[in-house]
Amino acid sequence: MAGGVSAPVTVRVQADDFDAAAEAARLTEGRADAGAVVSFVGLCRDEGGELSALELEHYPGMAEAEIGRICRIAIERFSLLGVTAIHRVGKIAPGANIVLVVAAAPHRHAAFDGASFVMDYLKTSAPFWKKEHFADGRDGGWVDAKESDDRAREKWA
Amino acid sequence: MTKLVYFAWVRERIGKGEEDIDLPADVKTGTDLLRHLKSLGDEYAHALEHEKVIRIAINQEHVEHDEQITGAREIALFPPMTGG
């Protein structure tokens, strides 16, 4: 039953990298009711070679709680069998992983929608902030929030 | 005493990540809090210049600016979020 003990939510905020394949395998381990698993991995772009690193700041406690809240809404709404969300913090180099969302469901549409929903809400509601560091030593400053991200979230309303 | 915590450019402009302050009795809502802090010095006035942009969380939950803050244990002020 979705939302019960059989629909686990795993949320981690960590400096270390994650293994997307291992997390997806763990989510469906020991169960045979999942027909679909969708994994989304967000990576750090180099912005045409200009960027040397992104620095991710977060609000400890609230960041985990907010992602967990979003995951539980997704489980209810899309009848997911489980969600794992991992967000990295600290300095992240171009090409490296930033965020992972894995959604498991009986069928593919729910898994795709669930992962997409969690990402759209995470980007606009989970307390994380990105600062850019440029390769030429310039401090690129804090990344501005995008209206397109707000619109992406609003489409689920 | 109320614990205030700041993040990202709000933290940088104010010059500290957190502080405990005594709030006057007439500071009742998030909007009141922003106006009060802006009166405390140039760094606050600069950080909170564009009031509508500032997001507020009470006890680690998002709230609107007109929310009552009386009795809050921890109030956070921060810019729009850019994670993911």
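**Strands, helices and the chain contact**

Q: How do strand 3 and strand 7 of chain A pair, and over how many bridges?
A: This is a predicted model. In it, strand 3 (residues 51-58) of chain A pairs with strand 7 (residues 128-134) of chain A in the antiparallel sense, over 7 bridges.

Q: Which residue is the bridge partner of A:Leu54 in strand 7 of chain A?
A: The bridge partner of A:Leu54 is A:Glu132.

Q: What is the strand order of the open sheet in chain A?
A: The open sheet has 4 strands in the order 5-3-7-8, with antiparallel pairing. Its edge strands are strand 5 (90-92) and strand 8 (139-142) of chain A, each of which pairs on one side only. On average, neighbouring strands of this sheet are turned by 20 degrees against each other, direction ignored.

Q: Changing topic to helices: at what angle do the axes of helix 2 and helix 3 of chain A cross?
A: The axes of helix 2 (residues 62-78) and helix 3 of chain A cross at roughly 150 degrees and come within 9 Å. The two helices of chain A, helix 2 and helix 3, are therefore roughly antiparallel to each other, because an angle over 145 degrees counts as such. Helix 2 of chain A passes helix 3 of chain A in a right-handed crossing.

Q: Which residues of helix 2 and helix 3 of chain A meet?
A: From helix 2 of chain A, the residues include A:Ile67, A:Ile70, A:Cys71 and A:Phe78, and from helix 3 of chain A they include A:Phe117, A:Val118, A:Tyr121 and A:Leu122. By class, the residues of this contact between helix 2 and helix 3 of chain A divide into 10 nonpolar, 2 polar and 3 charged.

Q: How does helix 3 of chain A pack with helix 4 of chain A?
A: Helix 3 (residues 108-125) and helix 4 (residues 147-154) of chain A pack at an angle of about 135 degrees, with their axes 9 Å apart. Helix 3 and helix 4 of chain A are therefore oblique to each other, and helix 3 passes helix 4 in a left-handed crossing.

Q: Which residues make that contact?
A: Helix 3 of chain A contributes A:Asp120, A:Tyr121, A:Lys123 and A:Thr124, while helix 4 of chain A contributes A:Asp149, A:Asp150, A:Ala152 and A:Arg153. These residues divide into 2 nonpolar, 1 polar and 5 charged.

Q: On to the two chains: how many residues does the contact take from each chain?
A: The contact takes 22 residues from chain A and 14 residues from chain B. On the chain B side, the elements that give two or more residues are helix 1 and strand 5 (74-78) of chain B. The side of chain B that touches chain A has 9 nonpolar and 5 polar residues, with no charged residues.

Q: Which residues is B:Phe7 in contact with, leaving aside its neighbours within four places in sequence?
A: B:Phe7 is in contact with A:Glu57, A:Tyr59, A:Pro127 and A:Trp129 of chain A, and with B:Ala76 and B:Phe78 of chain B.

Terms used. Residues numbered from 1 in each chain as written. Chains lettered and ligands numbered in written order. Predicted model: local features only at pLDDT ≥ 70, side-chain atom pairs only at ≥ 80, totals over all residues. Contact = placed C-beta atoms within 7 Å. Axes fitted to C-alpha atoms, helices over the stretch in contact; angles between N-to-C directions. Parallel < 35°, antiparallel > 145°, perpendicular 65-115°, else oblique. Left-handed = near helix turned anticlockwise from the far one by under 90°. Nonpolar A, V, L, I, M, F, W, Y, C, P; charged D, E, K, R; others polar. Pairing = 2+ DSSP bridges.
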